[in-house]
There are 4 protein chains.
Amino acid sequence: MSKRVSFENDYNTGCHPRILAALSKTNDERTTGYGLDRYSDEARGLIKDACRAPTADVHFLVGGTQVNLIVAAGALKPWQGVISAETGHVNVHEAGAIEATGHKVLVVESKDGLLSADAIDRYCQSYRDDPTAEHMVQPGMIYLSQTTELGTVYHLKELRAIRQVADRWGLTLFVDGARLASALAIEETEIDLPALAELADVFSIGGTKCGALFGEAVVIIKDSLKSDFRSLVKQRGGLLAKGRLLGVQFRELFRDGLYMEIGRHENDMAAALAAQFSVRDFEFYTPPTSNQLFVLMDDSEEKYFSERAVFERIGKQKDGRRICRFVTSFSTEKTEIDALFAQ
Amino acid sequence: MSKRVSFENDYNTGCHPRILAALSKTNDERTTGYGLDRYSDEARGLIKDACRAPTADVHFLVGGTQVNLIVAAGALKPWQGVISAETGHVNVHEAGAIEATGHKVLVVESKDGLLSADAIDRYCQSYRDDPTAEHMVQPGMIYLSQTTELGTVYHLKELRAIRQVADRWGLTLFVDGARLASALAIEETEIDLPALAELADVFSIGGTKCGALFGEAVVIIKDSLKSDFRSLVKQRGGLLAKGRLLGVQFRELFRDGLYMEIGRHENDMAAALAAQFSVRDFEFYTPPTSNQLFVLMDDSEEKYFSERAVFERIGKQKDGRRICRFVTSFSTEKTEIDALFAQ
Amino acid sequence: MSKRVSFENDYNTGCHPRILAALSKTNDERTTGYGLDRYSDEARGLIKDACRAPTADVHFLVGGTQVNLIVAAGALKPWQGVISAETGHVNVHEAGAIEATGHKVLVVESKDGLLSADAIDRYCQSYRDDPTAEHMVQPGMIYLSQTTELGTVYHLKELRAIRQVADRWGLTLFVDGARLASALAIEETEIDLPALAELADVFSIGGTKCGALFGEAVVIIKDSLKSDFRSLVKQRGGLLAKGRLLGVQFRELFRDGLYMEIGRHENDMAAALAAQFSVRDFEFYTPPTSNQLFVLMDDSEEKYFSERAVFERIGKQKDGRRICRFVTSFSTEKTEIDALFAQ
Amino acid sequence: MSKRVSFENDYNTGCHPRILAALSKTNDERTTGYGLDRYSDEARGLIKDACRAPTADVHFLVGGTQVNLIVAAGALKPWQGVISAETGHVNVHEAGAIEATGHKVLVVESKDGLLSADAIDRYCQSYRDDPTAEHMVQPGMIYLSQTTELGTVYHLKELRAIRQVADRWGLTLFVDGARLASALAIEETEIDLPALAELADVFSIGGTKCGALFGEAVVIIKDSLKSDFRSLVKQRGGLLAKGRLLGVQFRELFRDGLYMEIGRHENDMAAALAAQFSVRDFEFYTPPTSNQLFVLMDDSEEKYFSERAVFERIGKQKDGRRICRFVTSFSTEKTEIDALFAQ
């Protein structure tokens, strides 16, 4: 095989052709900066409509770590921390962004990357009951991602239970939607954008991994998080000078269902890929659900596929098998999957 | 006049057509993420060549505030501050980004946005001589911008003197080149990229305001600033997932002189604009030098031009005249200038 | 003269004999830690009574910089800064403690160390009016000290005006009372503890410079600053394990008027000292008011007094005279003043 | 029983009588502030002698959390974290002080509160081997405490192995000696002050829990940590105005062996207490070693002792028994132990 196909991640190409066209078409227009332009306005409106959340605030940031650290900075008191799964992006892969913002990541037990309402509740109860609680970090926010780092998803019932726990303990509920398109395309979750807007205090709608060149929309539901958010974004280096680039992209994604279409495509491609692995008796580290697959491979299997495809390894099981991640994106084509399994 | 021309800023359009073409052409390619792709490699090489600095490290970030806060985070000890002009971007227009990183901005007297070696030296001497120096913020870095916020520029002799002061007091010398293209096009400064690389410890080469969609290259000369810089960038939310977008853009800017060409165009347009104002006896707040002009206008003049053009007001003089900023960019056309002054 | 008397500062001896006696008497008792003991309880009650502020929260911290940075951390949003006089302790002599907490010190013009309501109001108005306000640091708190670093004091009328400005702009009003005993002893100010508790949102009652071994009481009036303050104090290293040491000291200071007595003594001694200087035609940098005097001396005068006393120099006037600071404390004795001026 | 004896902690009384005498004796003397006085000088000299570390820097701070956060601030790069046992004080009981300083606490597996060289080495190796290491928090410092939070101690061989791992990975080795007196009194560890000074880069010598009113000496061995440490201490609110109070106390502790004597007394009392529990067939959560005992008690036992003594509960075992902490101090008397077990 002369050239390897790539399932390395969902940000290994540029953007969806329609987004490129929109950027090209608007390139010469003159607009004001920092997201105060008409494209950003329109995109904000489209997103609020899609969320059925007319009083929400919508902001456009460039990247996901930026979103996470800025939301944490805005939502937490100095003595509060963020509840996260051990595998949470904020806990593992942001080089300490949350801590550099002054806050501890409070790891609560999880399964397949998913937190449970019960585990969060027990954690908060145990904090409350501790006679030395004043000397400990107070839980202030719950960080979830939909889909999770392990490709799994929360269902409506689970998210509702977590909302109740958040209310019980006065926690901000933040949903990181870096891969939200893929999650929204899974109807079984029963979580659509209006449901998310009803349950979360703040959430992001990922563009980078869902067809855009870059960009994450932050949707703020909770009033107390709204004021001066733009100043906070500016302070942390997240306010794009040519902000309309974000507006143009999100307008295109939400104008007529492109975002949902991209999510479905990602999942369809992942399902096709999973089917091929399954038929060959491969096992998965977590159940194949969204656009990330975690396939278990022994050394010879990994070697075989390494010659045919680019993919990441996220660790090793005790039985020696590697956990190999295959990711599909808006640009994954069926022919690439066929090529991978061709003799 | 039905439609106003815009001299609002140098980031009010998309990007130079050649950059858009390069992004379009490479859009479907698959590359690895976070700037480890071949386009970024090539761009880093071109910049090092242009700076005649083969051992420099080059990183690509998205925006200027990001650059400034990350460089400060990397260069300063916790008890150190950044020397800046009162008008410095880090002092005024970053919503406290440097302070949010833990450091004080130490304002040293300046003229027309320019710091002098003498003023910096006196400041440091006075810190050293103060019997309570231990209780004060230690100067750790000099922040300059070329061009300055007021459109003025440092000349080689001045920068050399500042370098000597930096050496005398052990300060990191950082040059913010958000508008470096315009500065480089002013030959009288005698500061080209190799001179900058020789004198500064770290500097940025602005893309956002010089023809790119977005992006700033950070050139690190001083060895002690190099290690783990990518981790720092990641931690502060500055590592772009689709990093090759930055590579593609800077490769285009530095492949065959486009960056310099853009700088010359910006300055030519500004000179034409300044000439029109001069011929009408307008005065300037600072000498017209680069792509930003600061024209003094009384109320009726300001009203007149407001109907014809978009521009910013950055303050008022004691004599009541407003300081009106007119900025040219890669996309400014001669016809726009003509239109502004047409009867 | 064999031995120099010391007017170096108001923390150059141990503590008032009654405080030492109280610490000695209670030394062997066993109490719980971290300020939850009966002495601290009693001291908190005495202070609330003295302030006629039954719903205030009172906390005991060790030092003044600690107080300032912790109050800033608790009161400010991440994008807010602290308004201070140029000479404010937070601006000059805390090695960047406020900035290390993430906040900018916003210098507003002042006279003799005193801010005026007008100047603060103008500053806030100008922030509000700036079209780029989102990119600037938002004023969030006013920092005053009573007495100021230059020994001057606010009067009731001035403080009331500042309170109005604070209300107008939604600012927290914080009064640093490191030298509050001296200020309270100046009846002309018409600011007693109940007045302070009525006007400030939070203030400190200094122990270190007013007779204690160490310790500052923080009185929190504004409800939103109250919750979890002990966690914040713990996090910043300000929660003393043997917290009762602070309780014992403040109980002694507020049990029967010792704190006021110390303030009067400090001022009496300063007045005696000022009289001696005045009679010899010395001029003062700021009007002699409280327990700090700032005497202007030429070189020969400074040399003369240097041989007789320890004192600090805080700068030089343009006319070449040095600004020499003489400070009195609870332990200053009339004989020391006599000794200084003896032939 | 009318009055309960207290084994609540080792900071529930004032100070050792000799320290009180020294403070009383020097109370009226005038000295300069901030630890630049002759008592502090002398104490620094005595500590350097005791450590046989003539080139060490010694600083006196007020409390332990202060020490830990200041050392972390001084030793770590912004993208680095602190390796700690799960039970480490920095991880659990400082309300997020390390995170508020910008750094993550990296939990490495431990046993009985003790880290092993192997576990640290594996952790660092795994960081190095991770292809996404740039996106993770880099280990920068090892935090140990001697004695640990669970009363256990490191032996010379273990500390040497950890030193080697620190060297292998370029980590700063910091030993928190809040209860160092008790640890030094255990000869079997073979770790005396000179050994500590040879192996650690920086360590603290606790006063608060070892006979002083308050105070921790920080001994800096590693040259790169030395410069400007006083500015850092000031910035974090740790520089005591009447710094000589710390000097007087540490001078007394190190003048003629009082510190060691206190450690021995604490351990003797703990051993006597442990013997009484053992003879009654109580089991311990960790082996009785130093001045903290962790006794396992069922409900009726806990109730019985609660009526006779004050002590803390730090958790519950799965078998339902509570982990009850009994702590001895310089002021614990044999009669209190007898009283606890009297019928």
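A residue counts as buried here if 20 or more other C-beta atoms lie within 10 Å of its own. Keep that cut-off in mind for the views below, which come from a predicted model.

**View 1. C:L239 sits in a loop between two helices of chain C.** The loop joins helix 10 (229-235) to helix 11 (244-255). C:L239 has 26 C-beta neighbours inside 10 Å, so this leucine counts as buried.

**View 2. Here are the residues around C:L239 in chain C.** Leaving aside residues up to four places away in sequence, C:L239 touches C:Y34, C:R230, C:V233 and C:K234. Look for C:V62 as well: 177 residues separate C:V62 from C:L239 in sequence, yet their C-alpha atoms are 7.9 Å apart in space.

**View 3. Chain B meets chain C.** On the chain B side, 17 residues are in contact with 17 residues of chain C. The chain B residues that touch chain C comprise 7 nonpolar, 7 polar and 3 charged ones.

View 4. Along the principal axes, the C-alpha atoms of chain A fill a box of roughly 60 × 60 × 35 Å.

**View 5. A look inside chain A shows its buried residues and its contacts.** Of the 343 residues in chain A, 60% are buried. Among chain A contacts with a separation of 6 or more, 75% are between residues 24 or more positions apart.

Terms used
Residues numbered from 1 in each chain as written. Chains lettered and ligands numbered in written order. Predicted model: local features only at pLDDT ≥ 70, side-chain atom pairs only at ≥ 80, totals over all residues. Contact = placed C-beta atoms within 7 Å. Nonpolar A, V, L, I, M, F, W, Y, C, P; charged D, E, K, R; others polar. Buried ≥ 20, exposed ≤ 12 C-beta atoms within 10 Å, placed from the backbone. Helix = DSSP H or I, 4+ residues; strand = E, 2+ residues; numbered from the N terminus.
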